[in-house]
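Hi,

Here is the structure I promised to hand over. Have a look at it first, and then read on for what I found.

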Amino acid sequence: ILATVNIDSDGIEINKSQGQTDEGTYSITLKEVTIDSANIQSKDCGTALQHSFLLCAVAKSAEMAGAAERCLAYATENVMTRKQFGKPLAELQAVQHQAADMFTAIQIGNLLLDDAINHIDSGKPFGGQARVCKSWMNDACFKASAVSHQLMGGTGYMLETDLHLFTLHILRNRPDFGSSDHHRKHIAIDLGL
């Protein structure tokens, strides 16, 4: 049942989460909340909620992609200017490989994101595309953030750079609207596995 409820009703408790990665996140607890029959919106809301859940998964993927791109930009700028053994870090093959892997993972994610958005815009079913997109972005953006910290060395862990803000953004959005395992499980179910 989908119903509207006044937040001042008895039995509703709203708490702001405390913690470094939970900034701006709230939890809502409902205990024996009375619902007036006039406030019932739908008796079968599963499809509408699932549709909204998947739309939000795509939106979170887009947010995470932007944060991952900023992480890559910070790391790229750093390795172009920082010198090691008398030459910029960007000239070291291992650094180039890591940056290329990050760039590739983000670009694949952007292609998956575009595919999901195109399905949404055209009115086609988009559940599979949304699930693949969010699953990929959860992992790729986290990896891009971690590698960015490594490429920046000690400065990547200091609060003087904004890299930590984008990392927190990725960490905060990663579990929202489905973990990678959650979406992979549903993709497998859709495929009949």
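In what follows, contact means heavy atoms within 4.5 Å. Please keep in mind that this is a predicted model, in which local features need pLDDT of at least 70 and side-chain atom pairs count only at pLDDT 80 or more, while totals for chains, interfaces and linings use all residues. Residues are numbered from 1 along each chain as its sequence is written, and side-chain values use heavy atoms, with hydrogens and water left out.

Let me begin with L89. Leaving aside neighbours within four places in sequence, L89 is in contact with V79, R82, K83, Q84, V95 and L151. L89 lies in the loop between β6 (87-88) and α2; helices (H or I, at least four residues) and strands (E, at least two) are DSSP runs, numbered from the N terminus. L89 is buried, with a relative accessible area of 7%; buried means under 20% relative accessible area, exposed over 50% and partly exposed in between, with a 1.4 Å probe and protein chains only.

Next, the largest nonpolar core. A nonpolar core is a set of buried Ala, Val, Leu, Ile, Met, Phe, Trp, Tyr and Cys residues joined through side-chain atoms within 4.5 Å. The largest one has 29 residues, and A68, V79, M137, C141, L151 and I170 touch the most other members. At least two core residues come from each of α1 (46-81), α2 (93-122), α3 (127-152) and α4 (163-173), and α1 gives the most, with 11. Apart from neighbours within four places in sequence, A68 has contacts with I106, C141, A144 and I170.

How do α3 and α4 pack, and at what angle? The angle is about 155°, with the axes 10 Å apart; axes are lines fitted to C-alpha atoms, for helices over the stretch in contact, and angles run from 0 to 180 degrees between N-to-C directions. The two helices are therefore roughly antiparallel, a label for angles over 145 degrees. Residues making the contact include C141 and F142 of α3, and I170 and L171 of α4.

Finally, S180 is found in helix α5 (residues 180-190) and is buried, at 8% relative accessible area. The S180 side chain makes a polar contact with the side chain of D139 at 3.0 Å. A polar contact is a pair of N or O atoms within 3.5 Å; within protein, one must be able to donate a hydrogen and the other to accept it, and residues adjacent in sequence count only if both atoms are side-chain atoms. The S180 side chain also reaches the backbone oxygen of S135, at 3.2 Å.

Best wishes

How values were computed:
Parallel < 35°, antiparallel > 145°, perpendicular 65-115°, else oblique.
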